[in-house]
Amino acid sequence: MTEARESAGPHARRAPGTPCWVSLMAHGLAATEEFYEALFGWEFRPGPHQFGAYVRALLDGHEVAGIGQLPPDRRLPVAWTPYLASDDVDHTADTVRLCGGTVAVGPLDAAEAGRMAIASDPSGAVFGICQGTAHLGTAISGVPGTPAWNELLTFETESVVKFYETVFGYEEEPLLSAGFDYVTLRVAGHPVAGVHGVGHGLPRDRGSHWLTYFEVADADRTLRQAAELGGRVLRAAHDSEHGRVGTVTDPEGAVFSVIQNPA
């Protein structure tokens, strides 16, 4: 997980399959901005408006994430969505369909953000596909307030991993541990995302879904602060082999995890 947090730099094109952006669609844009500004120190500036009101979150002047406003008549789930890099969004979208997935939005051009689409895998987990142009995605990583890791939570890994391997060309690295179903997805030998089969531990109200981790300086303090700002702690901070982690929701219910680098 820690290796994948190293940034390729703002001007380096991401290899296909590499997570390059995370985006949240919320009902109350202003209130959501206030929450993440207080929690992560983000500032905001307008982004492309193909989907209505949308802002890019900045940390020390560097773009790290996007937040958009859902139309008032659309009661869609509020969730963080990772975008995976592609050299040809149209071809990737066709492959998604051929492999049993669904393309819900696009492919379409999104101004300087490039060409993109929003899709779901056969288990129903939603992800984005991005072919960057001038805007090449998250500009920095490895510091508090930046996306650190993306992990797919699903019933079991075997079938869905085959889907992502076919669509994005990932290399698969299963974790050989009794009773723990986990696969790391690699690009050119580097870990870029994980797939965790949780069986009946999968939330019934959410199904399979991608979970974004954000790096923080102090996981315990961040979870306390999130709760004070109107969020809800789903899993208290605890130690893992990658650092201290915990899971929380924002005030609208968008789930995300935080990770404190053990160093």
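Figure 1. Pro107 sits in β6, residues 102–109. Strands here are DSSP runs (E, at least two residues) and helices likewise (H or I, at least four), numbered from the N terminus. The Gly106 to Pro107 peptide bond is cis. Its omega is near 5°. This is a predicted model: local features need pLDDT of at least 70, side-chain atom pairs count only at pLDDT 80 or more, and totals for chains, interfaces and linings use all residues. Residues are numbered from 1 along each chain as its sequence is written, and side-chain values use heavy atoms, without hydrogens or water.

**Figure 2. Asp60 in the loop between β3 and β4.** Asp60 is not a glycine, yet its phi is positive, about 55°. The loop that holds Asp60 lies between β3 (54–59) and β4 (62–69).

Figure 3. β5 (residues 80–85) and β8 (residues 126–131) pair in the parallel sense. Pairing requires at least two DSSP bridges between two strands. β5 and β8 share 3 bridges. Leu84 has Ile129 of β8 as its bridge partner. β7 (residues 115–120) runs antiparallel to β8 and is joined to β8 by 6 bridges. Here Met116 stands opposite Cys130 of β8. Which residue takes a positive phi in the hairpin of β7 and β8? Gly124 does, near 100°. The hairpin has 5 residues between its strands.

**Figure 4. The open sheet of 8 strands.** The strand order is β10-β11-β12-β9-β13-β16-β15-β14, with mixed pairing. The edges are β10 (171–174) and β14 (232–240). Each edge strand pairs on one side only. On average, neighbouring strands of this sheet are turned by 25° against each other, direction ignored. Angles run from 0 to 180 degrees between N-to-C directions of axes fitted to C-alpha atoms, for helices over the stretch in contact.

**Figure 5. Strands β9 and β13 within the sheet.** β9 covers residues 147–154, and β13 covers residues 209–216. The two pair in the antiparallel sense over 6 bridges. Pro147 has Phe214 of β13 as its bridge partner.

**Figure 6. Helices α3 and α4 against strands.** α3 (residues 157–168) lies across β9, β10, β11 (181–187), β12 (190–197) and β13. α3 runs at about 10° to β11. α4 packs on the sheet. The strands touched by α4 are β13, β14, β15 (243–249) and β16 (255–260). The direction of α4 makes about 180° with that of β14.

Figure 7. How many salt bridges does the structure hold? There are 9. Each has a side-chain nitrogen of Lys or Arg within 4 Å of a carboxyl oxygen of Asp or Glu. One of them joins the side chains of Lys162 and Glu158, at 3.9 Å, N to O. Both residues lie in α3, 4 residues apart. That spacing is about one turn of the helix.

**Figure 8. Helix α1 beside helix α4.** α1 spans residues 29–40 and α4 spans residues 219–228. Their axes come within 10 Å and cross at roughly 155°. The two helices are therefore roughly antiparallel to each other (the term applies over 145 degrees). α1 makes the contact through Phe35, Ala38, Leu39 and Phe40. α4 contributes Thr222, Gln225 and Ala226. Contact means heavy atoms within 4.5 Å.

Methods: Parallel < 35°, antiparallel > 145°, perpendicular 65-115°, else oblique.
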